[in-house]
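Before the dialogue begins, please look over the sequence and the model.

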Amino acid sequence: MSFKLFPYFQPIVETATGRIAGYEALARMKDESGNIVSAGAIFSDKNLSVKERIELDRDVRLQALQQIQALPEDTYISINISPEWLQYLESLDNIPTLEMIKQLAVDPSKVVIEITELDGELEVIQKLVERYRQEGFCIAIDDFGTGFSQLDRIALLKPDIIKLDMTLLKKGKNDSRRSSMVQMLGELASKLGSKVLCEGVETDEEYYLALSCNAVYVQGFLFSAARPEMLPPESTTKQVKDMLSHYRDMAINATSRSHWRAEKVKAELLALREVLKAATSDEDLQHFVATEHLMRFYICDRLGNQISPNYENSDKGWILNEKHRGFNWSWRPYFFELLGAADTKNRLVFSEPYQDIHTGQRAQTAVLFIDDTRILLADLLDEGQESDLFNGFSGMPASWIPEIG
């Protein structure tokens with residue numbers, strides 16, 4: 001073989017401290033001009049035999065593990081392993097990487113095993129993960145989010161770290177729908193008990209999006225490209241501290257705007273409630289003029305049964321839609337959050353932001369009591385900007401309202 005591969009190390013930064021927590025070992029090589037370039041394509045090069053590719057992969061992994069002695073205190077090395085090579089093993093009782101680690105007497109707490117793909121046989125991947133876990137290693141899963149077929153595998157493998165696919169981060173920073181999806185994946189990973197690592201972070205905006213995804217770790221050119229040596233752990237702390245301060249200021253401003261919007265909405269809903277309390281027929285509502293952000297409202301009983309039509313706000317006034325009369329909405333979280341409050345008569349509850357299926361617009365639902373037997377539900381247009389990285393903060397908070405007379 002004419003290829004000479006060697007490892008470079010890219011820092012993995014911990015968001016809570018700003019320090020480097022670990023280093024991913026990435027394969028590098030020299031091109032014809034002597035430039036250092038990624039060697040990733042070598043491992044799928046069909047011009048090389050499977051045996052050659054496996055030997056190159058193991059050799060660069062061994063070189064990375066041999067540098068464990070240079071690893072700074074309280075950090076780890078993340079090494080990539082593709083389950084594709086497993087089919088060429090005679091038995092999982094003799095795994096070459098484990099043999100390397102044992103021969104080098106490496107402390108398992110210093111190594112994270114990163115599974116680079118989940119397209120192989122699940123049973124085989126699961127056995128591989130179990131073998132590494134038995135030896136005390138943490139497991140990371142790469143490129144999470146490239147396909148929802150991964151979800152059952154993630155739940156079964158229970159990885160310690162989940163790396164969000166970098167393409168999602170790139171597309172999500174200026175698209176509220178995509179950013180919501182990335183945030184959802186980050187929340188899902190956290191609920192599965194895994195730490196979230198956002199890779200491919202190159203700009204401040206991508207870092208802020210990573211924070212909104214509950215990222216425990218971040219990795220990318222914003223902090224450092226892969227280097228032949230391991231950077232000192234404290235070399236990123238000031239940079240992260242400054243960015244976090246800026247992020248916090250923006251987040252506080254976004255939250256303040258949400259509270260301000262909530263007060264405006266509350267005033268309008270209280271006015272609507274007074275009209276509904278006094279109304280004896282649908283005609284009594286014709287004179288109530290709503291702002292554009294009140295898309296529709298309807299009324300339920302305490303059991304969640306819709307007892308009114310939908311009142312749709314339009315430039316021609318209120319349009320009545322009977323389609324959903326009799327539907328039961330008590331299963332929605334905001335409904336039982338209202339009923340479960342100790343002061344139900346003084347409580348205005350907002351749902352999480354969502355995409356309205358009727359209009360395609362971003363919306364929220366507000367819920368409050370009209371009187372002892374009726375509950376008002378109002379669907380509200382979310383006025384956040386499409387490109388707003390902090391659209392996750394546009395959700396309006398629960399609020400106290402005057403007691404029903």
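Predicted model: local features only at pLDDT ≥ 70, side-chain atom pairs only at ≥ 80, totals over all residues.

Q: Where do nonpolar side chains tend to be in soluble globular proteins?

A: In soluble globular proteins, such side chains tend to be buried together. In this model, the largest nonpolar core has 57 residues. Those with the most contacts inside this core are I113, Y132, L164, C198, Y207, V218 and F223. Helix α7, residues 204-212, supplies the largest share of the core, five residues.

Q: Which residues does L164 touch, leaving out those up to four places away in sequence?

A: With those left out, L164 touches F144, V182, L185, G186, V196, L197, C198, E199 and C213. C198 is also listed with L164 among the residues with the most contacts inside the largest core.

Q: Which residues does the second, separate core include?

A: This second core has 23 residues, including L272, L285, F297 and A366.

Q: How many aromatic pairs are there by the ring-centre rule?

A: A pair is called by the distance between ring centres, and its type by the angle between the planes. The count here comes to 11 aromatic pairs. One of the pairs is F6 and Y8, with 5.8 Å centre to centre and 50° between the planes.

Q: Why does the F6 and Y8 pair count as tilted?

A: Planes under 30 degrees apart would be stacked and over 60 edge-to-face, so the 50° of F6 and Y8 makes the pair tilted. F6 is buried, because its relative accessible area is 18% and the cut-off is under 20%. Y8 is buried as well, with a relative accessible area of 15%.

Q: What type of pair do Y132 and F137 form?

A: The planes of Y132 and F137 stand at 85°, with the ring centres 6.1 Å apart, so the pair is edge-to-face. Both Y132 and F137 are buried.

Q: Which residues form one aromatic cluster?

A: Y207, Y208, F223 and Y247 form one such cluster.

Q: What lines the largest cavity?

A: There are 14 lining residues, and the closest to the cavity centre are R58, R61, I81, W85 and L86. Elements giving two or more residues to this lining are α1 (50-66), α2 (96-103) and α3 (122-134). Of these, α1 gives the most, with four residues. By class, the lining divides into nine nonpolar, two polar and three charged residues.

Terms used
Residues numbered from 1 in each chain as written. Heavy atoms only, no water. Core = buried A, V, L, I, M, F, W, Y, C linked by side-chain atoms within 4.5 Å. Buried < 20%, exposed > 50% of the residue type's maximum accessible area, 1.4 Å probe, protein only. Contact = heavy atoms within 4.5 Å. Phe/Tyr/Trp six-rings, centres within 6.5 Å; stacked < 30°, edge-to-face > 60°. 1 Å grid on protein atoms, 1.4 Å probe; cavity = no way out; pocket = protein on both sides within 12 Å on 5 of 7 lines; lining within 4 Å. Nonpolar A, V, L, I, M, F, W, Y, C, P; charged D, E, K, R; others polar.
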